[in-house]
Amino acid sequence: MPRVIITIPEQNAQPYRFQLDRKVVKLGRASENEIVIDCGSVSGKHAEMERVDGGYVLTDLGSTNGIKHDGVRQQKISLVSGMTAMLGDVSFDFSLSEEELEILSNEESVDKTPSAREPEAQLPSAAVEDLPRPERESARKPKRKVIEEEPADSGSGFGMAILFFALAAAAFYAGISIRHEKETGESLLKAIVNKEEIQKEAPMSEEPKGVEAAE
């Protein structure tokens, strides 16, 4: 269990122990705190010790005299086994057992698992010059973008259009031919051929007779 020793000036030290799964321990002069510190330099709600992945942190809760480590006032202090912090004029000694240190170190290694690799950013020219020669040459090469070419389907579309119009014309001619054969009894093609032959055989118009001279 984590051990906290509170020492008020000119008083005996007061030790406290907590389970490792305890998330938050509040410290202050008020009676609702888990660790009550009866000292004028300590605020009613002075600080809290919080369990985080890999260890503990001590956080100031807006107290008058704050929390300090090595004489420097801080908002948050990462607690290390064997260290001493100050809450106002009161000493705060923190320690962990070997077993607890091993458990916390395993949590820390899991938390520091490297994340997925991010896309490489292009280096500035000045930074490229500082690279070894093989890496410098690689960095200078432009990145090629792969562009997928779309199949050229314009020719096939044009051919389909011609085929469509040819089929439409054939269907139109077939419809007219059937109708003409029903009405006249002969095929449309034969009628067209006969018409052309008649036009060729038509006699030429007679030349106008001359006017006789008057006697």
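These are my notebook entries on a predicted model, entry by entry.

**Ground rules**

I number residues from 1 along each chain as its sequence is written, and I leave hydrogens and water out, using heavy atoms for side-chain values. As the model is predicted, I ask for pLDDT of at least 70 for local features and 80 or more for side-chain atom pairs, while totals for chains, interfaces and linings use all residues.

**Entry 1: the sheet**

I started with the strands, taking helices (H or I, at least four residues) and strands (E, at least two) as DSSP runs numbered from the N terminus. I count two strands as paired if DSSP finds at least two bridges between them. I found an open sheet of five strands with mixed pairing, in the order β4-β3-β5-β6-β9. β4 and β9 (76-79) are at the edges with a single partner strand each, so one side of each has no neighbour in the sheet.

I then looked at one pairing inside the sheet. β3 and β5 (residues 47-52) run antiparallel and are joined by four bridges. V24 has E50 as its bridge partner in β5.

**Entry 2: salt bridges**

How many salt bridges are there? I get four, using a side-chain nitrogen of Lys or Arg within 4 Å of a carboxyl oxygen of Asp or Glu as the rule. Side chains of opposite charge can pair when their charged atoms come close.

- K26 and E48 form a salt bridge with their closest N and O atoms 2.9 Å apart. This pair links distant parts of the chain, with K26 in strand β3 and E48 in strand β5, 22 residues apart. K26 is partly exposed because its relative accessibility is 35%, whereas E48 is buried at 15%.
- R22 and E34 meet through their side chains at 3.6 Å, N to O. R22 sits in the loop between β2 (14-17) and β3, and E34 in the loop between β3 and β4, twelve residues apart. R22 is partly exposed at 33%, and E34 is partly exposed at 36%.
- D60 and R73 meet in a salt bridge at 3.9 Å, N to O. D60 is in strand β6 (residues 55-60) and R73 in strand β8 (residues 72-74), so the pair ties together parts 13 residues apart in sequence. D60 counts as buried at 7%, while R73 counts as partly exposed at 44%.

**Entry 3: the nonpolar core**

For a nonpolar core I take buried Ala, Val, Leu, Ile, Met, Phe, Trp, Tyr and Cys residues joined through side-chain atoms within 4.5 Å. Which members of the largest core touch the most others? Of its 26 residues, they are L27, I37, M49, L58, L79 and F92. The elements giving two or more residues to this core include β1 (3-7), β10 (84-87) and β11 (90-95). β11 contributes the most, with three residues.

Beyond its neighbours within four places in sequence, L58 is in contact with residues including L27, M49, I67, L79, L87 and F92.

**Entry 4: two buried loop residues**

A30 is in the loop between β3 (24-28) and β4 (35-36). Is A30 buried or exposed? I have A30 as buried, because its relative accessibility is 18%. A30 touches V36 and G44, leaving out residues up to four places away in sequence. The C-alpha atoms of A30 and G44 are 4.5 Å apart, though 14 residues separate the two along the chain.

S43 is in the loop between β4 and β5 and is buried, with 13% relative accessible area. Its contacts, aside from neighbours within four places in sequence, are G28, R29, S63 and T64.

**Entry 5: positive phi**

Most residues other than glycine have a negative phi, so I noted two exceptions here. E10 has a phi near 65°; E10 lies in the loop between β1 and β2 and is exposed at 86%. D70 has a phi of about 55°; D70 lies in the loop between β7 (67-69) and β8 and is exposed at 68%.

Methods
Buried means under 20% relative accessible area, exposed over 50%, partly exposed in between (1.4 Å probe, protein chains only). Contact means heavy atoms within 4.5 Å.
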